[in-house]
Amino acid sequence: MKRALALVLGLAAMLAPAFAQAHPHIWIQQHVRVVAKDGKYTHVEIEWRFDPFSSEIEIPLIDEDQNGKVSSQEAKLLADEMMPELGKFGYMSWINTAGKDFRPAAPPQFSARIDDPASFVPPEWNRAAGDNAGMPMPPNKRAGDPSAPHKKGPRNLVYVMRFVLPEPSKIVSITTYDPDDFIRIEVDKAAVPTGCHLAKHPSYKAEFIRGYPVFADIVTCQLP
């Protein structure tokens, strides 16, 4: 049965240098949540809301019974295919709990859903910009032609990943980004948790064109 190789699989893994101007081909709105117990953080959770066009490419492959929802079985099949590969690249995330950045050490608890109507619609942008400009774009950089938007309106495919911290901590930060800017990941400024603040990371940056960086969002949370 045909199923999705999740949007991030291979896309983040196979990004190759190119010299043509391009915008991100996939846009993700990230929500960050933290879980605390006994006065310390124990888990961080990131939620990815894929842009409607990217979502419409993947939803028909994931939603095998075509009921507009991701069942527990469909989510498990997706996780089984996606998590091992995405884990090779640290889930595109860095966590910091004691002044040192590290990749998530263990696979997260994973779930998926479809937001219908869409909860995230990004600004207009040209997904294919750069694919035919200058020298030919490598095949793995080309933006495919997405299916038409869902006939009832835009939807979002949503991934939720909850990571356990290696040890409880009163302070935690998380940064998620694609260094080649094939996938643009931006934190929803309106949904930053209480006790947390959003800033730009001083060094982590997406940079498809060298010299034109887009610095990654970093969410830092601290308990009293």
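How many bridges join strand 9 to strand 10? Seven, and the two strands run antiparallel. Before I go on: what you see here is a predicted model.

Let me stay with that pair. Strand 10 covers residues 214-222.

Five strands form an open sheet, and the order is 4-3-7-10-9. The pairing is antiparallel. Strand 4 and strand 9, residues 196-206, stand at the edges. Each has a single partner strand, so one side of each is left without a neighbour in the sheet.

Next, strand 3. On one side, four bridges join strand 3, residues 93-96, to strand 7, residues 171-176. These two run antiparallel. Ser93 stands opposite Thr176 of strand 7. Strand 3 is also joined to strand 4, residues 101-102, by two bridges, again antiparallel. There, Ile95 has Phe102 as its bridge partner. Strand 3 and strand 4 make a hairpin, with four residues between the strands. Look at Gly99 in that hairpin: its phi is positive, near 80°.

On to the aromatics. The structure holds six aromatic pairs. Start with Trp48 and Phe50. Their ring centres are 6.4 Å apart and their planes stand at 90°, so this pair is edge-to-face. Are these two residues buried or exposed? Trp48 is buried, at a relative accessible area of 0%. Phe50 is buried too, at 1%. The cut-off for buried is under 20%, so both qualify.

Phe50 also pairs with Tyr159. That pair is edge-to-face, with 4.9 Å centre to centre and 75° between the planes. Where do the two partners sit in the chain? Phe50 is in strand 2, residues 40-50, and Tyr159 is in strand 6, residues 156-169. They are 109 residues apart, so the pair links distant parts of the chain. Tyr159 is buried as well, with a relative accessible area of 0%.

Trp48, Phe50, Phe110 and Tyr159 form one aromatic cluster.

Which ring does the charged end of Arg184 sit over? The ring of Trp27, at 5.3 Å from its centre.

Terms used
Residues are numbered from 1 along each chain as its sequence is written. This is a predicted model: local features need pLDDT of at least 70, side-chain atom pairs count only at pLDDT 80 or more; totals for chains, interfaces and linings use all residues. Side-chain values use heavy atoms; hydrogens and water are left out. Rings of Phe, Tyr and Trp (its six-membered ring) pair if their centres lie within 6.5 Å; planes under 30 degrees apart count as stacked, over 60 as edge-to-face and the rest as tilted. Buried means under 20% relative accessible area, exposed over 50%, partly exposed in between (1.4 Å probe, protein chains only). A charge sits over a ring if NZ of Lys or CZ of Arg is within 6 Å of the ring centre and within 35 degrees of the ring normal. Two strands pair if DSSP finds at least two bridges between them.
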